[in-house]
Amino acid sequence: QSSLNDTISQGLSFFRPKDTAGNYHKISDYFGENTFDIQTAEEIPDSIREEINEVINSNAQITESQAQIVAKAVTAWALNKGATHFCHWFQPLTGATAEKHDAFLDYDYSTGQPIEELSATQLIQGEPDASSFPNGGARSTFEARGYTAWDLTSPMFLIGSGQSKTLCIPTAFVSYHGEALDIKTPLLRSNSALGEVAKKFLHLTGETDVKRVIATCGAEQEYFLIDKAYYYQRRDLVMTGRTLFGAASTKNQQLDDHYFGAINERVMAFMEELDFELHKLGIPAKTRHNEVAPGQFEIAQIFRDANISADNNHMVMATIENVAKRHDFEALMHEKPFAGINGSGKHLNWSLASDTGINLLNPGKEPHQNYRFLAFTAAVITAVDRHAKLLRASIASHSNDHRLGANEAPPSIISVFTGSTIEKIFKAIKEKSDFAPESQEILDLGAGQLAKLPKDNTDRNRTSPFAFTGNKFEFRACGSDQSIGFPLTILNGAVTSVLEEVNHKLESKINEGTPVDQALLDVCHELLNESWNVIFNGDGYSQEWLEEAERRGLPNLKTTADCLEYLVNKDETSFLTKHGIYRNSELETLYNVHLEAYITKREIEFNTLIGMVNQHVIPAAIQYKEKLTNSILASKSCKVEATVEKELLKELQFSLEGAFEQTRNLKNALSDLHEKNSEEEAARKIAYDLMPVSELIAQNCANLEQIIPDDMWPVPTYFEMLFCI
Ligand code: ADP
Ligand code: MG
């Protein structure tokens, strides 16, 4: 069944280049060799690089002649690397990436000979058919024409193996009327909005030489690996990305022996090749390790510009999937592939960095830097508090619903973890008790002492959805399968809106003659008074927190069906429209796409489950039933009591009937779901009525799996998938 042996016989090896002396090259020798970055490419003259940076910084249009130079240079570079095709690579609202390949081919019309070419226009703009991508509300308001527009800030890269490679040009995807049909466009807008207010904030606090501030991001990606042979035997994995039923194996993660455990050799060979491919793509993959659940792993990259990081994360997911196949694995990126053990998330590490080297979430060396740090941190906390519903909606998906609140991932209540040191300081600022003895110690020494605040002072609270971890915030509730671009956009937007307000306050206080430090403290005090309720440093998994959060009035949006409506609630979204990050029509599109995706994906799950029960589980149960009844009859004719068979038959019959009946109920409920309900009602019905039915079916299947002999069970088990790799 398993292809494990094949892989071992292939020697677990992959290609890694050696120098002429036969020594392996260092990472730095091949890092970025499959990427073409305008910022570093030797093929681009410095004068053009400067011009293009001007274009980027001023949000202007690149000229035809500038594009021409880049097109020529990148074509020569790509052809030299064995490329035959190019494509505009973009992120439609499916949450995945899209690409349509064109050959580097044209005619020289004077000679009639074929030539390799990528024109300036082909580089700048593409024209995919927008109607075939999710466009939600766009159905009525948008035309079918859509455009992809080159994102000058994200490096181009080569994909494909062997002799024919494809040059990918990162692009934004917009409709004929300039409405965003993708994830990247709003992200870019949010980056520039945030960059501007953050620059102003730094100027106000005395850092007048700052020219540019960017959001930085480093994503940690979790995933499962299973043997490919098992994958294709489970229709649910192929169709829905998760097992829709399965009995727990006797040992799973209760011994905590997988997390950071020694990496098995076959997985290690995969990880080595994965890192090699990512490094060639210029993606700074840094950390690799076993995760909590059996068969679960993580990769993290060094943080960088949020837009590039969001692109990188898509490339990381695609590379994991491709390299896994080369090793006869199948990588599962789904948030909850297996019931009863941890699912996979994605931690979005986030901060702001200035071109002068300031990390706004780094407590500084000087007292005044600490006031700035405290005020900025309070602004982020306030942003999370004010826009908790939208942040929750930004990570909502049918699959992430299985994680949030399942006591393995942060709960669906959005709160902020600060660590106890910062909480103490904040408490003093909030209560103006900085004049009270104990807290004064903290603050007075505070400024100096805080500077030495060791990074790891922020303990590892795994139960918080949004945690301060020393010099960055970590949005931990994101799903493993999601594009980080969307939560990043909402977070950027939320902080932009609070920071703009902070700037106004600071400006008027400073104009009134308040010293900057005092102004920062005053603002910090106001912010903390407003948002104190969102700070929670306790155990997010506890029942007490659920109750406490309710008392505090924090929203607890349990399922995707509960949070999507906020995407089109103007009270909740005005901060996005005000800062030009989303238009109302785009939010409507987004809402429709997400709602439709939620319903459709659940329907696919339900139908797959019904099919598997009818075609796999029930036939296996009947087959075993037949064996048991035959044995009972045979026993009778031999005049022995078939007590065991009769007991087994009873148990079997009970779960078989359960599976059959519940499946029929589910099928009936699905048949008129759309007739009887609006889309919104259908989503809620799915979340609150049909999901529990599907879980009952799964329970009956798991019971049957434990009764029916192993060789008669029709699909691979958790034991096989999680432990035989
Ligand atoms: P942890 O176990 O604390 O989460 P990891 O090493 O797994 O640590 O991940 C930390 C992530 O945070 C890395 O991707 C790292 O690059 C990123 N990171 C560190 N500093 C910043 C920053 N200033 N802005 C954004 N991301 C950061
Ligand atoms: Mg982390």
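The legends below describe close-up views of a predicted model.

Local features need pLDDT of at least 70, side-chain atom pairs count only at pLDDT 80 or more, and totals for chains, interfaces and linings use all residues. Residues are numbered from 1 along each chain as its sequence is written, chains are lettered from A and ligands numbered from 1 in the order in which they are written, and side-chain values use heavy atoms, with hydrogens and water left out.

**View 1. Strand β9 and its cover.**
Buried means under 20% relative accessible area, exposed over 50%, and partly exposed in between (1.4 Å probe, protein chains only). Helices (H or I, at least four residues) and strands (E, at least two) are DSSP runs, numbered from the N terminus. K165, L167, I169, T171, F173 and S175 point one way from β9. T166, C168, P170, A172 and V174 point the other way, and these residues are buried as well.

**View 2. Strands paired with β9.**
Two strands pair if DSSP finds at least two bridges between them. Strand β2 (residues 83-90) runs parallel to β9 and is joined to β9 by 6 bridges. Along this pairing, H88 stands opposite I169, and F86 has L167 as its bridge partner. Strand β7 (residues 146-150) is antiparallel to β9, with 5 bridges between them; here A149 stands opposite A172. Strand β8 (residues 156-159) is also antiparallel to β9 and is joined to β9 by 3 bridges. L158 has L167 of β9 as its bridge partner.

Of the 8 residues of β2, 6 are buried. β2 is also joined by 6 bridges to strand β3 (residues 98-103), and the two run antiparallel. In that pairing, F90 has A98 of β3 as its bridge partner. The structure holds 22 aromatic pairs. The rings of F90 and F173 have their centres 4.7 Å apart and their planes at 50°, so the pair is tilted. F90 lies in strand β2 and F173 in strand β9, so the pair ties together parts that are 83 residues apart in sequence. F90 is buried at 4% relative accessibility, and F173 is buried at 0%. Rings of Phe, Tyr and Trp (its six-membered ring) pair if their centres lie within 6.5 Å; planes under 30 degrees apart count as stacked, over 60 as edge-to-face and the rest as tilted.

**View 3. Other ring contacts.**
F373, F466, F468, F473 and F475 are linked into a cluster by ring pairs. The charged end of R234 sits over the ring of F245, 5.0 Å from the ring centre. K430 lies over the face of W532, at 5.1 Å from the ring centre. A charge sits over a ring if NZ of Lys or CZ of Arg is within 6 Å of the ring centre and within 35 degrees of the ring normal.

**View 4. The magnesium ion (ligand 2).**
The protein donors are E220 (OE), E220 (OE) and E474 (OE), lying 2.2 to 2.6 Å from the ion. E220 lies in strand β10 (residues 213-227) and E474 in strand β18 (residues 473-479), so the pair ties together parts that are 254 residues apart in sequence. E220 counts as buried at 15% relative accessibility, and E474 is buried at 4%. Donors are N, O and S atoms within 2.8 Å of the metal (3.2 Å for Na, K and Ca); water is not among the atoms, so sites may look incomplete.

Contact means heavy atoms within 4.5 Å. S655 is found in helix α22 (residues 643-671) and is buried, with a relative accessible area of 4%. Not counting residues up to four places away in sequence, S655 touches N700, N703 and L704. A41 is found in the loop between β1 (35-36) and α3 (46-57) and is buried at 7%. With the same exclusion of residues up to four places away in sequence, A41 touches F36 and R49. The C-alpha atoms of A41 and L491 are separated by 32 Å, the two residues being 450 residues apart along the chain.

**View 5. Confidence of the model.**
The mean pLDDT of the protein is 90, and 92% of its residues reach 70 or more. pLDDT is the predictor's confidence in each residue, from 0 to 100. Over residues 435-449 pLDDT stays under 50, and the model has 19 contacts beyond four places in sequence for this segment. Residues 451-457 also stay under 50, with 9 such contacts.
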